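Me: I would like to learn how to read a structure like this one, feature by feature. Could we go through it together?
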Amino acid sequence: MKRKTFLKTLMGAAVAVTMAPFAATAQDGPIIVGEINHYKRMAAFAGPYKMGIELALEEINAAGGVMGRPLEFIFRDDQGEPGEAVKIAEELMTRDGAVMITGTILSNVGLAISSLAGEKGYVYLASEPLADSLVWASGNDYTFRLRSSTYMQAAMLAEEAAASGATKFATIAPNYAYGKDAVAAFKEVLTELNPDVEFVAEQWPALFKIDAGAEVQAIERAKPDAIYNVTFGTDLAKLVREGGDRGLFDGRTVYGLLSGEPEYLDPLGDEAPEGWVVTGFPWYDLEDGPDGAFVKAYQERYDDYPRLGSIVGYMTVQSIAAALERAGSTETDAIREAFKGLEVASAMGDITFRAIDHQATMGAYVGTTALRDGKGVMVDWEYKYGGDYLPSDEKVMELRPGN
Amino acid sequence: MGLFIAQLITGLANAGALFMVASGLSLIFGVTRIVNFAHGSFYMLGAYIGYTLMQVLPGAVGFWGAILLAGIAVGVIGMLVEILVLRPVYRAPELFQLVATFGVILVVADLTLMIWGPEDLLGPRAPGLRGVIRIMGEPVPKYDIALLVITPIVALLLWYLIARTRVGVLVRAATQDREMVGALGVNQAWLFTGVFALGCGLAGLGGALQLPKGGADLLMDFNILTAVFVVVVIGGMGSLPGAYLAAVIISVVNVFGVTYLPQSTLVLIFVVMVLVLMIRPYGLFGRPEVAGEHGQVGEPEKPIRPAGTQVRLLVAAGIATLAALPLYGSSFSQVLATDILIFCLFAASLHFLMGLSGLVSFGHAAYFGGGAYVAALIVTHSNSPMELAFVLAPIGAGLGALIIGWVCLRLTGVYFAMLTLAFAQLLWSLVFQWGEVTGGDDGLVNIWPADWLNDTTVFFYLALILCIGGILAMRHVAHSPFGYALRAGRDSDRRAEATGINVKRVQWLGFGFAGMMAGLAGGLFVFSKGSVFPNEMEIARSFDALIVVFLGGVKTLAGGVVGAATFKGLEEVITRFEYWRLILGLLIIFVVIVMPEGIVGTARKWAERAGWLRGEETRKRKAREEAA
């Protein structure tokens, strides 16, 4: 019955292991950044993202590091659990000597870390999570976001949709926060641009549990002119297959949020849909400019091609390095001030971390899908600058009560 | 009319894979009484193996051959799992095997990632069945028609096997009374192995068969699990016709739900499940469980006793050591200790329910997450002080548990467990869907403690006092008349009734009390993390608690706490490795095989054997000697 002692021994052991001495942040040692992600839960996305980070780190450290010190990332897996991520963030900041935190793909994990960052005063650069509330409704002084948000990308597609003149739209989006945000933003911007539009069906399949046949029948029944798709991953594959077979996409333009990202387009192989207007990442056509240089460096370094996550990872490091250089210090307040209004010469061109809401003006590539050599690609694409697709400053102030 | 028929066909086609997976689970449960959590993993394996075979084998023969071979291959894997992992633990306490199957889930998940890589695989098309045919003008994919034909054939073959062959006679006999079958000279071990292999093979077949409608991906295992459980429960556990009918009902209801109530995709099947169980408590074709039929496997339980002076002193010393943590530990060690303490309290509350009242809940996270949400909602929407919100967390969770418990206690055993799961899922869907109030899966953020509690060390002490206090309180209740009444009800319903105990009411209160304690843990959790998301109500969270209670030892008082601390501590270390799921899974399986009575139960037995602890035998001998 020595139950409590047994428990204490175990806890002692666990604590001892986690307290294994780590050298404190010496002034000449590496600058450490904590990176938290869902390496297991979302392996297909986090893998290329991490490769992008490592490429950038190698380049920066080969060129002498940041402020004369090497830059180092500690990668930790949070199992896709917000609670776990919060614990790891504490560990990175209080024990491992990280100067700031970055990472996450899932919005809820990003929001959890952001909440901790605001409370404890840690700088957090949300690299990939898309939720609008991260910088608006729940925004705080310590959280910054790199990737163009749900609103921005939806607004880009809404602009295209308004130009097409179609008036009867159906939407299909996964039944969770990202899907709802994406539909709300699209409706808002599109209605503003073209007040005549009408939404004849809204479908909400459960995330990764789509009943594609039934969804296609439901959309077909509403007879829309155009369809706005937010599904991704296996849901997208099933929708494309059932919809293609049943002729849902014949004579209708589909606007697909993120559907052009290699992460989602490539698994479809030669069944990738043609003629969809999508946001994505046409790495195969990037040659000139900083994005082309990135693609070249990535392919030389790895025996693989970059995904969207790769370039986001790369730009994450670029942004952090720029902020640290600008801060000239590894103190939290200095880094936070440096991020406000920070201009970064990134792999997607110049971007700014806006002082008003901490959102970076990273853009997205918008184009039309087509088949090339048995693979889905984006053609006629254009890089749209993110700064052009954000609401007015007054609106932003309203959306962000934290200001 | 055309659309209606087309929708019906879609539903029936969807029912195909679902039926095969569910019938496998149902068969396995019927004969071996194992609730196979790993069934989704076998489904996933079927899809991946089928995919690989289709790349190698050419043409239509190759395609259909690949599906058949995938089923057989998964059946063989299932057989190996049964022989290596489950056979050693058949004599463990009821439902203990599900811990082993949980270990299998983790191992299969990482092995699949290692072998097939992280990217989703798009399923190959069936040769010659691409495209649609028109039925009354509506397009219907040809492969749907194929599924429409194949499913009843598989169902008929199964029916023939069960109803018309000697093997089937044995299977049915074992489903009715497996002890008797064993007594009549049938080799139970091989019967179990065979049934398990058949069940897994069916799951694999289902996985391969759905390839042309989707593909293979790493989330398949958990994604199908809930639907399959729902089908098996609605159909009646162990019933094949039930599984078929339920698969059809669920699939068809879903198709119409998608069209006419698009927002309902999350809740619909659970609503159907709750409705069916309210009207037919044992599913459409199930039969009531006979009390004690499979309750007391293994050795009879030893009565629990209050701890002796020595143990009390040791515990006090341990608590003192922990309380001094801020003196020698880092700030992070306090954060970690807070996490572990909260989880210990959560696990202990489930252990209270399972150990003392014998009620197994598959949805205990509802009260943990429920408590967290009660506190977070109050803070978010009414700006009330943190202290008030914190006090309301366990009360809210306890009330919720009383309401849900009142409904669920109409059932017993596995059906009770399944109904708690359904309610937990309903609650989860509510939180997930009702974005305006609960924030949906973006959760509620910025829920921090009041200023005087905000320091890491102060909060650690709060958690320490409340968690240890809560655990000790539950222990105390175990030794109170209420605790005795609970145990009496667990061990013999009828005798307890005869002595004047209102068993249902005692169980109901026990359920509410356990829910309240889980809510307390949830309240602590939300203020330690500063945010809460629907994850905290998910099935995975309920499973976490369930697993650690079994690992610690259901039939011991300390099992929940020890299991939780061990598991959390191990997880903290192991998740730093790349293939941590594989390591953790193997560890769980190892513990299950070596320590079939849980860590505490088996450790005590070892200690008794080695003479370190006085067991019942020595106690009795001593008593005899003294008497003489």
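Reply: Let us begin with the elements: helices (H or I, at least four residues) and strands (E, at least two) are DSSP runs, numbered from the N terminus. This is a predicted model, in which local features need pLDDT of at least 70, side-chain atom pairs count only at pLDDT 80 or more, and totals for chains, interfaces and linings use all residues. Residues are numbered from 1 along each chain as its sequence is written, while chains are lettered from A and ligands numbered from 1 in the order in which they are written.

Me: Where does A:M67 lie?
Reply: A:M67 lies in the loop between α2 and β2 (71-77) of chain A. Its phi is near 50°, a positive value in a residue other than glycine.

Me: And how do I read burial? Is A:M67 buried, exposed or partly exposed?
Reply: A residue is buried if 20 or more other C-beta atoms lie within 10 Å of its own, exposed if 12 or fewer, and partly exposed in between, with C-beta atoms placed from the backbone. A:M67 is partly exposed because 14 other C-beta atoms lie within 10 Å. For another loop case, take B:N383, between α15 (365-382) and α16 (386-408) of chain B. B:N383 has a positive phi of about 55° although it is not a glycine, and with 8 C-beta neighbours inside 10 Å it counts as exposed.

Me: Which residues of helix α12 (residues 332-339) of chain A are buried?
Reply: They are A:I335, A:R336 and A:F339. To see how they are arranged, look down the axis and take the arc of the directions from the helix axis to the C-beta atoms. The buried residues of α12(A) fall within an arc of 100°, so they line one face of the helix. Their cover includes β3 (100-103), β5 (143-145) and α11 (308-327) of chain A. Just after α12(A), A:G341 takes a positive phi of about 75°.

Me: What should I look for in a strand?
Reply: In a regular strand the side chains alternate between the two faces of the sheet.

Me: In what sense do β11(A) and strand β12 (residues 349-352) of chain A pair?
Reply: Two strands pair if DSSP finds at least two bridges between them. These two pair in the antiparallel sense over four bridges, and A:A345 has A:D350 as its bridge partner in β12(A). With two residues between them, β11(A) and β12(A) form a hairpin.

Me: How about the nonpolar core?
Reply: In soluble globular proteins, nonpolar side chains tend to be buried together. A nonpolar core here is a set of buried Ala, Val, Leu, Ile, Met, Phe, Trp, Tyr and Cys residues joined through C-beta atoms within 7 Å. The largest has 359 residues, and B:V231 and B:C344 have the most contacts inside it. Helix α14 (residues 331-357) of chain B gives the largest share of this core, 18 residues.

Me: How many residues of chain A are in contact with chain B?
Reply: Contact between two residues needs their C-beta atoms, placed from the backbone, to lie within 7 Å. By that rule, 71 residues of chain A are in contact with 72 residues of chain B. On the side of chain A that touches chain B, α1(A) gives the most, with 13 residues.
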